[in-house]
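Hi there,

Here is the structure I promised to pass on to you. Please have a look at it first, and then read on for what I found.

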Amino acid sequence: MLLAAYQLTARELVAALRRAGHDTIRPKHGALFGNIDLGGSRATDIAQRAGVSKAAIGEMIDELETTGYVTRSADPKDRRAKLIVPTARAREVLQLVSNFNAALERRLRKDLGATRYAGLRTALFALAPDTEPQPRR
């Protein structure tokens with residue numbers, strides 16, 4: 001059931017992003033967008049947070065750099081390392097996602113009622129207790 005709910009909301013989110021002009025964003029890109037710091041992150045950190053391989057994140061970084069969502073810059077803490085930095089375009093996507101999530105929560109609260117909605121949130125936080133709010137600062 002969680003997979004079905006995820007797939008439904010992912011389709012709705014991708015449709016909303018397309019309507020806003022972000023037609024190259026795919027659900028898989030959520031692994032990067034959901035795990036990047038606004039000030040930039042190393043690819044290895046994004047991959048670890050997302051629970052995917054560095055190669056998978058590397059592929060996403062290449063795609064999103066080509067389409068103008070991220071840039072690579074030298075890490076000021078270690079010049080040998082690169083930071084993946086979200087662009088203004090990526091920040092727009094993050095804001096759209098935040099707005100979408102807020103609207104989804106309002107819809108769920110209305111559709112389920114306050115008690116069932118609270119139970120759903122409690123159950124989801126029990127499944128993922130260490131989830132950080134997005135976007136990361």
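Let me start with a helix pair: helix 5 and helix 6 (residues 114–127) pack with their axes 6 Å apart, at an angle of about 130°. The axes are lines fitted to C-alpha atoms, for helices over the stretch in contact, and angles run from 0 to 180 degrees between N-to-C directions. That angle makes helix 5 oblique to helix 6 (under 35 degrees counts as roughly parallel, over 145 as roughly antiparallel, 65 to 115 as roughly perpendicular, and the rest as oblique).

On the helix 5 side, the contact is made by E105, L108, R109 and L112, and on the helix 6 side by A114, R116, Y117, L120 and R121. Contact here means heavy atoms within 4.5 Å. Sorted by class, this contact has 5 nonpolar, no polar and 4 charged residues (nonpolar are Ala, Val, Leu, Ile, Met, Phe, Trp, Tyr, Cys and Pro; charged are Asp, Glu, Lys and Arg; the others, Gly among them, are polar).

A word on what you are looking at: this is a predicted model, in which local features need pLDDT of at least 70 and side-chain atom pairs count only at pLDDT 80 or more, while totals for chains, interfaces and linings use all residues. Residues are numbered from 1 along each chain as its sequence is written, and side-chain values use heavy atoms, with hydrogens and water left out.

Now the overall picture. The chain has 6 helices and 2 strands, in the order α-α-α-α-β-β-α-α along the sequence. Helices (H or I, at least four residues) and strands (E, at least two) are DSSP runs, numbered from the N terminus. The C-alpha atoms fill a box of roughly 50 × 35 × 25 Å along the principal axes. Of the 137 residues, 29% are buried (buried is under 20% relative accessible area, exposed over 50%, partly exposed in between, with a 1.4 Å probe and protein chains only).

Helix 5 (residues 88–112) has another partner: its axis and that of helix 1 (residues 2–19) come within 10 Å and cross at roughly 135°. This makes helix 1 oblique to helix 5, and the crossing is right-handed. T9, E12, L13, A16 and L17 in helix 1 meet V93, L96, V97, F100, L104 and R107 in helix 5. By class, that contact has 8 nonpolar, 1 polar and 2 charged residues.

Helix 1 also holds V14, which counts as buried because its relative accessibility is 11%. Beyond its neighbours within four places in sequence, V14 is in contact with I25 and P27.

Which residues of helix 3 (residues 43–50) are buried? They are A43, I46 and A47. Seen down the helix axis, they fall within an arc of 95°, so they line one face of helix 3 (the arc is that of the directions from the helix axis to the C-beta atoms). These buried residues pack against helix 2 (30–33), helix 4 (54–66) and strand 2 (78–86).

After helix 3 comes G51, with a positive phi near 75°. V52 lies in the loop between helix 3 and helix 4, and at 32% relative accessibility it counts as partly exposed. Leaving aside neighbours within four places in sequence, V52 is in contact with A47 and I57.

Enjoy exploring!

Methods: Left-handed = near helix turned anticlockwise from the far one by under 90°.
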